[in-house]
Amino acid sequence: FLSYPPYCRAVQGTIQSIPNNAFTTFTNIAPGLDNYSAWSGSTWTCPVSGTYLCTAAAGIGSANVQMGLKTVISSVSNTYFGTSLQGPAGNGHAGMAKTLRLSAGDTIQPGLTQNSGAAANTVVAIASTRFCALWMSA
């Protein structure tokens, strides 16, 4: 058990354009809390080996477009985990939580895909687009 377990919560601060049908890593995302300084650019690097609860959420909006939204929470060894959600016209939100066994040095790059038929923007209100990683056990 760690008395000071790693935790990171990163939130997107500005709108990002997501192209149609292309996985896009989140940009303009910064940690609000990162007690091991593991976040850099668009990547979180696992600081201590163990089991982590990793979560991601994304909001996306576009005028008069029916959204299909997929939130991809991680690319660990090129494996993607995600969930799809069909949102109402003009907006979509999706989230994902996954327990992952990670080794120190493994990386996660959260991002998303959307299939609205055109580029669409992320939503940044109330921390809609975000990533969290919490160490749970060795």
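The dialogue below sets values against definitions, one label at a time.

Biologist: What kind of model is this, and how are its residues numbered?

Modeller: This is a predicted model, in which local features need pLDDT of at least 70, side-chain atom pairs count only at pLDDT 80 or more, and totals for chains, interfaces and linings use all residues. Residues are numbered from 1 along each chain as its sequence is written, and side-chain values use heavy atoms, with hydrogens and water left out.

Biologist: What is the mean pLDDT of the protein, and where is the pLDDT below 50?

Modeller: The pLDDT is the predictor's confidence in each residue, from 0 to 100. Its mean for the protein is 78, and 75% of the residues reach 70 or more. Over residues 63–73 the pLDDT is below 50, yet this stretch has 69 contacts in the model beyond near neighbours in sequence (a contact means heavy atoms within 4.5 Å). Where pLDDT is low, the predicted coordinates should not be read in detail.

Biologist: How many helices and strands does the protein have?

Modeller: There are 0 helices and 14 strands. Both are DSSP runs numbered from the N terminus: helices are H or I with at least four residues, and strands are E with at least two.

Biologist: Why is threonine 51 called buried?

Modeller: Buried means under 20% relative accessible area, exposed means over 50%, and partly exposed lies in between (1.4 Å probe, protein chains only). Threonine 51 has 16% relative accessibility, so it counts as buried. This residue lies in strand 7, residues 50–61. Leaving out residues up to four places away in sequence, threonine 51 touches Thr99, Leu100, Arg101, Leu134, Trp135, Met136, Ser137 and Ala138.

Biologist: What makes leucine 134 partly exposed?

Modeller: Its relative accessible area is 33%, and therefore leucine 134 is partly exposed. Leucine 134 is found in strand 14, residues 130–137.

Biologist: Which residues make the nonpolar surface patch?

Modeller: Leu53, Leu134 and Met136 make a nonpolar surface patch of about 220 Å². Patches are made of residues with over 30% relative accessible area and no salt bridge; like charges are joined within 9 Å, and nonpolar side chains (Val, Leu, Ile, Met, Phe, Trp, Tyr) within 5 Å. A salt bridge is a side-chain nitrogen of Lys or Arg within 4 Å of a carboxyl oxygen of Asp or Glu. Accessible areas come from the Shrake-Rupley method with a 1.4 Å probe, and for residues only the protein chains shown count as cover.

Biologist: How many disulfides are there, and how do you know?

Modeller: A disulfide is a pair of cysteine sulfur atoms within 2.5 Å, and by this rule the count comes to 0 disulfides. The sulfur of cysteine 8 is 7.5 Å from the closest cysteine sulfur, in cysteine 132, so it is too far for a bond. Cysteine 46 is in no disulfide either, for the nearest cysteine sulfur, that of cysteine 54, is 8.2 Å away.

Biologist: Are cysteine 8 and cysteine 46 buried or exposed?

Modeller: Cysteine 8 counts as buried at 0% relative accessibility. Cysteine 46 is buried too, with a relative accessible area of 3%.

Biologist: Why is isoleucine 15 called exposed?

Modeller: Isoleucine 15 has a relative accessible area of 53%, and so it is exposed. Its place is in the loop between strand 1 (7–12) and strand 2 (17–18). Leaving aside neighbours within four places in sequence, isoleucine 15 is in contact with Asn28, Asn121, Thr122 and Val124. Isoleucine 15 and valine 123 are 108 residues apart in sequence, and their C-alpha atoms are 6.2 Å apart in space.

Biologist: Where is serine 128, and what makes it buried?

Modeller: Serine 128 is found in the loop between strand 13 (120–122) and strand 14. Its relative accessible area is 13%, so serine 128 is buried. The C-alpha atoms of serine 128 and valine 11 are separated by 7.9 Å, although these residues are 117 residues apart along the chain.

Biologist: What is the phi of asparagine 28, and why is this residue called partly exposed?

Modeller: Asparagine 28 has a positive phi of about 55°, although it is not a glycine. At 46% relative accessibility, asparagine 28 therefore counts as partly exposed.
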